[in-house]
Each structure stands twice: as C-alpha cells, then as structure tokens.
Number of protein chains: 2
Amino acid sequence: MIGCVRLILCCAMVRRASRGTNVTISDVATDAGVSPTTVSRVLNGGYPVAKPTRLQVEKVVRELGYIRNAHAQALRGTSTGVVGVIIHDVADPYFSEIVAGIQEVAAAHQRLVVLCNSLRDPASELRYVQMLRGQRVDAIILTGGAIEDAAYLRAIRQDASALKQQGARMVICGRYSSVTTPTVVPDNRRGGELLTKHLIEKGHRRIVEVMGPPNFSTTEERSTGHRDALAEAGVERDPLLAIHGRFTRESGYEATRAMLASGATFTAVYAANDLMAVGALAALREAGLRVPEDVSLVGFDDIPTVRDMMPRLTTIRVPMREMGRRSMEIAIGAGDRQPRVVVLPVELVERESVARPTLRSRRSG
Amino acid sequence: MIGCVRLILCCAMVRRASRGTNVTISDVATDAGVSPTTVSRVLNGGYPVAKPTRLQVEKVVRELGYIRNAHAQALRGTSTGVVGVIIHDVADPYFSEIVAGIQEVAAAHQRLVVLCNSLRDPASELRYVQMLRGQRVDAIILTGGAIEDAAYLRAIRQDASALKQQGARMVICGRYSSVTTPTVVPDNRRGGELLTKHLIEKGHRRIVEVMGPPNFSTTEERSTGHRDALAEAGVERDPLLAIHGRFTRESGYEATRAMLASGATFTAVYAANDLMAVGALAALREAGLRVPEDVSLVGFDDIPTVRDMMPRLTTIRVPMREMGRRSMEIAIGAGDRQPRVVVLPVELVERESVARPTLRSRRSG
DNA sequence: GCCTGCCCTGAAATCGTTCTCAGCCCGAGG
DNA sequence: CCTCGGGCTGAGAACGATTTCAGGGCAGGC
C-alpha cells in the first residue's frame with residue numbers, strides 16, 4: 001500500500017518534471033484519490049471534509065510541493081492580493097522610506113507589492129497604471145508630487161474611476177489631487193511656513209529658495225508656505241532668489257552654484273527637500289562658505305542621513321514611513337475608516353545648520 | 001450606422017459597469033462584430049488580419065478602454081512578465097540602489113517587479129519565495145547576504161530546482177552561494193583586504209572590526225579580506241577588537257560605544273558597511289574623539305550619502321546599481337550570455353576619514 | 001467550368017482554480 | 001419499511017485569454 005502510494009507519487013513527479021510545468025490541483029487530487037473539488041476545500045477550509053481525507057490531501061500537498069497558481073485563482077474571481085505602488089525613484093530616500101512603510105503593512109497582511117519607478121515621467125506613470133490594471137491589482141498607490149497637467153490629470157481621473165468600477169482602489173500618497181480618491185499627505189504648506197518663519201526669526205531676510213521642478217504639486221505647496229511666511233512677516237520676496245531644482249542632490253548643487261554665480265545677495269538657503277539641501281551644502285562649501293556661520297541652510301523631509309551631515313541639518317520632519325503605512329492600510333481596507341484626505345502633521349527639527357546672519361555673510365551683488 | 005455602433009458601445013459599457021467587472025476580449029469582439037480570436041490576433045500581431053477589421057477592432061479597444069487580463073494570459077501559458085525581488089530592506093541605501101538598477105532594466109524590457117522585504121529573516125524570505133512561485137514569476141532575484149544555515153540552504157536549493165523545472169530562474173545577487181544558480185557578487189573579500197591594507201599602510205595596527213551579523217556570507221567574506229590583509233602584513237589580530245553589528249546605523253553606533261566602554265586600545269575602526277560606519281562616527285564624536293585626527297574610520301559600499309558626511313568617508317565602492325542591472329538582465333535572459341558567477345570588481349575610494357595614527361589616539365586599556 | 005491555393009475568420013479546446021448543483025451513504029425517526 | 005436529513009464528495013461550468021484546426025470566399029490557371 002505504501003509502496004503503491006510512493007509509486008503514484010513518483011509517477012506524478014516524473015510526469016510533471018518532463019512537462020516542465022507545475023504541480024496542479026488535479027495532480028494532488030489524483031495522487032490523493034479524491035476530486036479537485038475536495039482538494040480545493042481542504043486548501044481553503046470552511047467546508048466539511050472528513051478528517052482522514054483531509055490528512056491524506058495535506059500529506060500529498062506537502063509531498064508534491066504543491067503551490068496554488070495565483071493566476072488561476074485571480075481569474076476565478078477572488079482578489080489577487082497584489083498592490084501596485086508607483087513612486088518616482090527607489091534610490092531617493094524619501095520614497096524608499098514610504099515604500100518601507102508600505103511593505104510593513106503588506107507583510108502583516110500577506111500582500112505582495114509591485115513597485116514601479118516612474119522617474120518623474122508622467123507618461124511612464126500612466127503606462128504603469130495600465131500595466132497594473134492589467135494585473136488586476138487590488139489597489140494602486142500613487143506616490144509623489146502630481147504633475148499639474150490637464151491631460152495627465154484627465155487620464156488619472158479616468159483610471160481612478162475604471163479602477164473603482166472593477167472593485168479596486170486608488171490611493172494617492174504625498175500629494176493633493178483633484179481626483180476624488182483617498183489621499184494621504186504631509187502638511188507641506190505648513191512645513192514651508194515653519195521653516196521660513198524660523199529663518200526670519202533668526203534674522204534672515206534674503207533667502208534663496210531652491211524649489212522643486214515646475215508643475216509639481218509638492219513644489220507648489222512647499223513654495224506657498226514659504227511665501228506665506230514671508231508675506232506675514234512683511235518681507236518682500238525677491239524673485240531673483242528663487243530657482244528650480246529637480247529634487248535631486250545634483251540639481252540642488254547646480255542651482256546653488258548658479259545662484260552663487262549670479263552674484264545675488266543672500267544669507268540663507270531654503271531647499272525644498274533634503275537631497276537638494278545636501279547638494280546646496282556641497283556647493284556652498286566649494287565656494288568657501290561655511291554653514292551656518294556664513295550662510296544658513298534648511299532642508300525638508302528629514303531623511304535619515306541628514307542627521308549625520310556636518311552641520312546636522314535643520315529641516316522639517318515628514319512622517320514618510322507613516323505615510324506609507326496609512327496609504328497601504330487604506331489600499332487594502334485594513335484599519336479604521338479614514339477620512340478621504342488624511343493630512344499628517346509635520347514638525348520643525350532644529351539642528352545646527354541655521355545661525356543668525358553675520359555681516360560677512362552678506363555677499364555683495 | 002454610426003449611431004448604431006455608439007448604441008452598442010453604450011450597452012456594453014453599461015453592462016460592464018453594472019457587473020462591476022472588466023471589459024473582456026469578448027466584449028470587444030461583440031462590439032466590433034468579430035470573434036475573440038480576431039481581437040486576440042489584432043492585439044498580438046504577427047497574423048494576417050484584414051485592414052478594415054483591424055482598424056475597427058483597434059477603435060473599439062480604445063473606446064472601451066480594454067486592457068488585457070494578465071492572469072488569463074499567464075494561465076494560458078505565456079510568461080507572466082513579472083520578476084520577484086527579495087531584499088533585506090528597501091530603506092537601506094545599499095538595497096535601494098540595487099533595486100534601482102533592477103528597475104532600470106525592468107523598465108527597458110516592460111517587466112514588472114514584485115518587491116519583498118525579508119528584514120533579514122530567513123523564514124520570511126522562504127515564505128516570499130513560496131508566494132512568488134505561486135505568482136508564477138519568470139524569475140526570482142535573491143539579494144543580500146545568505147544565511148549560512150543548513151535547513152535554510154536546503155530549502156532554497158529545493159526552490160531553485162523547482163523554479164528551474166517550471167521554466168523560471170533564480171538569480172542570486174550580492175552573495176556567494178552553494179546553490180548552482182546564476183550569481184552576481186561584488187568582490188567582498190578583496191574589498192576588506194584593500195581597506196585593511198590601506199589602514200596598515202597609514203600605520204594602524206590596532207583596528208576595531210565592526211562586523212556584520214553572524215552567519216551571513218557577506219559578513220564572512222568582508223571579514224576574511226580583513227584578516228588576510230592583517231596576516232599578510234604580519235599584524236596579529238586581537239579578537240577583542242572584533243564585534244558584531246547588524247549592518248544598521250544603530251548597531252554600528254552601539255558596537256562602537258561598547259568597544260569604547262570596554263577600554264580597548266585602538267587607532268582605527270573598520271566597519272563592514274557604510275551604515276555602521278556612520279553609526280560609529282556618531283559614537284566616536286559623542287566620546288569626544290575626532291575623525292580622523294584621533295581615530296581613523298573606514299566603511300564599505302560607498303552608498304550615496306557618505307560623500308556628504310564630514311569627514312567624507314573613505315570606503316570601498318561596490319557597484320550596487322550595476323549588480324542590480326546585471327542580475328535583472330540574467331533574470332529575464334537579456335543581454336549576452338554570462339558566466340554562472342559574475343564577480344564585479346570593487347575599488348578603494350580614498351576620502352578624508354583616514355589619517356596616520358597619533359600618540360593621542362592610543363587610548364590606554 | 002473546375003480545381004488549387006491564398007487570405008482571412010471562427011469554433012472550440014485549454015490553462016488551473018473555485019463554486020454551484022447534485023448526489024451518495026448512513027443513521028434516525030415515524 | 002420508508003423517508004428524511006446531515007455529512008461528505010464529485011461533475012461541470014465558469015473566469016479570460018491563446019492557439020489549433022478547420023473552413024469560407026475568391027482569384028487565377030487549366
């Protein structure tokens with residue numbers, strides 16, 4: 001009897017191997033001497049199966065190393081258990097922190113995450129949404145600053161409604177949006193305001209603003225906060241002190257060099273994210289300027305590495321991990337009911353990159 | 001005529017919407033007045049379809065916003081176009097750089113990437129492999145130091161052969177392995193040797209070694225290189241100067257504090273990765289020690305942020321992005337034929353965290 | 001006029017699950 | 001003895017694509 005079972009087992013394995021394919025539920029059924037239906041019931045539970053039958057099936061499953069085909073399952077209608085995440089760039093610590101938060105929740109709920117890097121290209125983002133819809137993901141989390149472009153927004157809105165129609169969700173993380181879908185955002189405007197107020201309180205009046213790329217909602221919000229604070233303090237904003245970067249270290253470096261080369265007068269630099277602040281620091285150093293003695297510098301995000309810079313960077317703490325967690329919870333419908341728009345508070349982290357302006361730091365134009 | 005088509009279109013859309021499901025190939029076929037077979041042929045190309053028919057089908061596809069169901073496709077047998085990637089932690093720059101390289105190649109070849117964080121837990125890693133096999137991914141890329149545990153290795157080996165049997169691949173990235181499957185690794189041993197030689201040349205003899213966690217291949221290799229260099233120079237290795245970390249900033253900080261507290265004498269710290277070096281730097285500073293004046297420090301990996309530390313860290317450049325790219329190319333069978341084991345060269349990057357030891361730095365035990 | 005071959009199109013099987021119906025067997029109650 | 005119900009099991013129809021096999025129609029050559 002035992003020999004017989006072994007023989008059958010062996011047969012199934014050889015057959016499988018030669019076909020170069022997988023063990024299926026029918027193979028298990030055959031070897032266990034039951035129908036596929038019964039195997040399915042054992043696997044899924046919640047249905048009466050006689051104990052000996054169940055044990056036999058479980059044994060065969062183990063022996064054959066059977067693994068359910070997720071595609072067949074998905075096709076039949078049950079959810080796929082997969083969530084798509086579209087970010088700008090994994091190599092950017094801001095996004096990798098968000099993804100880490102997403103993964104935490106995914107792991108806790110046995111979900112799989114498909115990660116896509118759009119590299120800030122709207123066309124690429126749209127393509128990924130299509131691919132993810134093809135994968136019938138349970139949800140798509142769209143992360144990062146939205147492009148404020150009519151055609152793009154129309155396309156996204158359409159995708160969001162298509163997604164909803166097929167029983168999936170779309171969650172927007174890290175940016176406001178005109179799409180009426182759940183959204184998790186940090187209070188970017190407030191952050192810009194806090195930072196600028198801080199600089200003004202320290203006595204700075206001429207502040208270089210290294211902004212994000214044009215047409216991004218994040219750029220817009222962080223800049224608005226800055227202007228609000230300036231306006232409130234009655235400091236006139238010099239448009240010549242504002243320059244666009246691309247949220248990368250390199251672009252922060254270049255923007256600062258350009259500003260230096262322009263001969264503009266300033267005592268502080270407000271970079272719209274930490275990465276650009278790091279680039280700015282490099283450029284300032286290269287120009288022989290000390291931070292904060294000659295020029296003060298602030299960043300935005302509080303990515304893990306900025307506390308190891310020298311001087312340690314004063315910045316805005318954005319709860320990136322929490323943003324990821326909350327987005328994922330909404331995406332898979334875990335946790336409590338949330339309002340459609342979740343605004344996460346930000347916080348000023350004072351470190352050592354800001355000082356009162358000195359005479360020496362006033363470079364003449 | 002046009003009105004008629006519109007009407008049919010409209011019907012299909014309403015029907016779909018009410019069912020809360022997706023547009024299928026049959027819907028397209030019905031609306032275009034052809035069979036599903038023809039639609040499939042238009043979609044896939046490479047088969048003669050009369051031009052008017054083709055145009056009509058393409059029009060309906062656009063109008064209904066039809067997107068192929070990847071699961072049905074996968075089930076039918078063509079590959080899934082999905083690759084699974086298992087890493088330790090996305091929030092660790094070492095891994096996010098590797099993933100960035102993987103994504104570059106994935107994007108170029110229209111592949112999707114399922115990312116899994118094992119958080120260095122072998123059981124979790126094994127679970128992910130199972131899930132990915134259930135997804136019938138085309139390949140699995142296993143990244144990060146392998147756990148040197150018999151049961152774990154047996155399981156992985158088994159998975160690798162099961163994968164091969166089902167026509168998928170397993171690629172190992174960043175670690176040697178006893179599994180005979182394609183592998184991409186940096187020359188870790190050489191890196192440890194280069195770094196240690198450099199320290200010895202500068203006159204250091206008592207070097208603290210902050211190692212990785214026990215039983216990891218990467219830990220082993222980087223330590224071996226260190227010992228080889230010590231042995232070659234005839235410097236005796238003091239086991240009291242070696243301490244395990246966990247490849248995290250925090251653990252580097254703790255290990256260094258512990259070493260400091262032990263009262264051991266040393267003039268340099270060799271951290272087995274940059275993250276731990278950053279932690280070590282914080283601990284040294286806290287103890288009032290200057291780097292490199294009092295204690296020299298080296299790291300390993302050359303993650304993007306270490307060139308912005310102060311002092312800029314001397315380290316080993318590991319081509320993380322390239323490792324990711326190569327792994328992915330092998331995973332999807334792109335690019336030229338590669339040898340089974342690809343060893344990528346590493347390079348010493350001399351910056352400012354190493355100096356000759358001074359009398360003052362010799363702390364008495 | 002008929003046959004051959006070339007385009008083009010469609011019916012139906014298939015992939016691996018799940019789920020809806022049935023149906024079997026056996027014991028208990030009338 | 002018959003019926004009924006409960007516990008367990010199986011047959012077969014989806015799900016949505018691809019692919020094989022089998023035509024239908026038409027032009028051209030005899």
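Start at DNA strand C: the surface near it draws at least two residues each from α2 (25-32), α3 (36-44) and α5 (70-76) of chain A, together with α3 (36-44) and α5 of chain B. Helices here are DSSP runs of H or I with at least four residues, strands are E runs of at least two, and both are numbered from the N terminus. The model is predicted, so to speak of local features takes pLDDT of at least 70 and side-chain atom pairs count only at pLDDT 80 or more, while totals for chains, interfaces and linings use all residues. Residues are numbered from 1 along each chain as its sequence is written, and chains are lettered from A and ligands numbered from 1 in the order in which they are written.

α3(A) hands over the largest share of that DNA-side surface, five residues. In all, 28 residues surround DNA strand C, and the closest are A:Ile25, A:Ser40, A:Asn69, A:Ala72 and B:Pro48; "near" asks for a C-beta atom, placed from the backbone, within 6 Å. By type, the surface splits into ten nonpolar, 15 polar and three charged residues. Ala, Val, Leu, Ile, Met, Phe, Trp, Tyr, Cys and Pro count as nonpolar, Asp, Glu, Lys and Arg as charged, and the others, Gly among them, as polar.

Now for the protein–protein side. Here 44 residues of chain B are in contact with 44 residues of chain A, contact being C-beta atoms, placed from the backbone, within 7 Å. On chain B's side, α6(B) gives the most, with six residues. That side holds 22 nonpolar, 16 polar and six charged residues.

The strands join in too: β2 (residues 112-117) of chain A and β2(B) run antiparallel, joined by three bridges, where pairing takes at least two DSSP bridges. Look for A:Val113, which stands opposite B:Leu115 in β2(B).

Methods. Two residues are in contact if their C-beta atoms, placed from the backbone, lie within 7 Å.
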